[in-house]
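Please keep the sequence and the model in view while reading.

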Amino acid sequence: MNADFQMEVKDKDEAERELGAGGGRGRTSRYEPVAQKWSELGDDESIVLSDLEKNDIQNLRNLLYRRFGKENVIVRSAKQDDDSFKAVIRAREGDEYLREDG
């Protein structure tokens, strides 16, 4: 085993951005623009996404809840007539729809 590799210590967010920007297969890279846009919005603004797959919804929830805290953001989704999904990302109001188990 060759131990001659380059290693750098960076903060978590910077490391994740580098993985996504480098064309790597990082799980969050595809959804990073959504997280970036969310961080720029005001409290009364929302993001609406269309033509999503069910897997996209879960991946968005995982990223946004981990990054911003599930107490602060909510991802609501609905299946459309063409079997795709639409999602709304907005600020959570109080404990609205907040599950105790996860």
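**Aspartate 56 and its partner**
- In this predicted model, aspartate 56 is buried, because its relative accessibility of 4% falls under the 20% limit.
- The side chain of aspartate 56 meets that of arginine 30 in a salt bridge, with an N to O distance of 3.1 Å.
- Since aspartate 56 belongs to helix α3 (residues 54-68) while arginine 30 sits in the loop between α1 (12-21) and α2 (32-40), the pair ties together parts that are 26 residues apart in sequence.
- Arginine 30, for its part, is exposed, with a relative accessible area of 58%.

**Other salt bridges**
- The count of salt bridges comes to four, and one of them joins the side chains of glutamate 40 and lysine 37 at 3.6 Å, N to O.
- Glutamate 40 and lysine 37 are three residues apart in helix α2, which means that about one helical turn separates them.
- Glutamate 40 is partly exposed at 49% relative accessibility, and lysine 37 is partly exposed at 41%.
- Another salt bridge links lysine 79 with aspartate 83, where the closest N and O atoms are 3.8 Å apart; lysine 79 is exposed at 55% relative accessibility, and aspartate 83 is exposed at 55%.

**The hairpin of β2 and β3**
- Strands β2 (residues 73-79) and β3 (residues 85-91) run antiparallel and are joined by seven bridges, with arginine 76 having valine 88 in β3 as its bridge partner.
- Five residues lie between the two strands of this hairpin, and aspartate 83, in the turn, has a positive phi of about 70°.

How values were computed:
Residues are numbered from 1 along each chain as its sequence is written. This is a predicted model: local features need pLDDT of at least 70, side-chain atom pairs count only at pLDDT 80 or more; totals for chains, interfaces and linings use all residues. Side-chain values use heavy atoms; hydrogens and water are left out. Two strands pair if DSSP finds at least two bridges between them. Helices (H or I, at least four residues) and strands (E, at least two) are DSSP runs, numbered from the N terminus. Buried means under 20% relative accessible area, exposed over 50%, partly exposed in between (1.4 Å probe, protein chains only).
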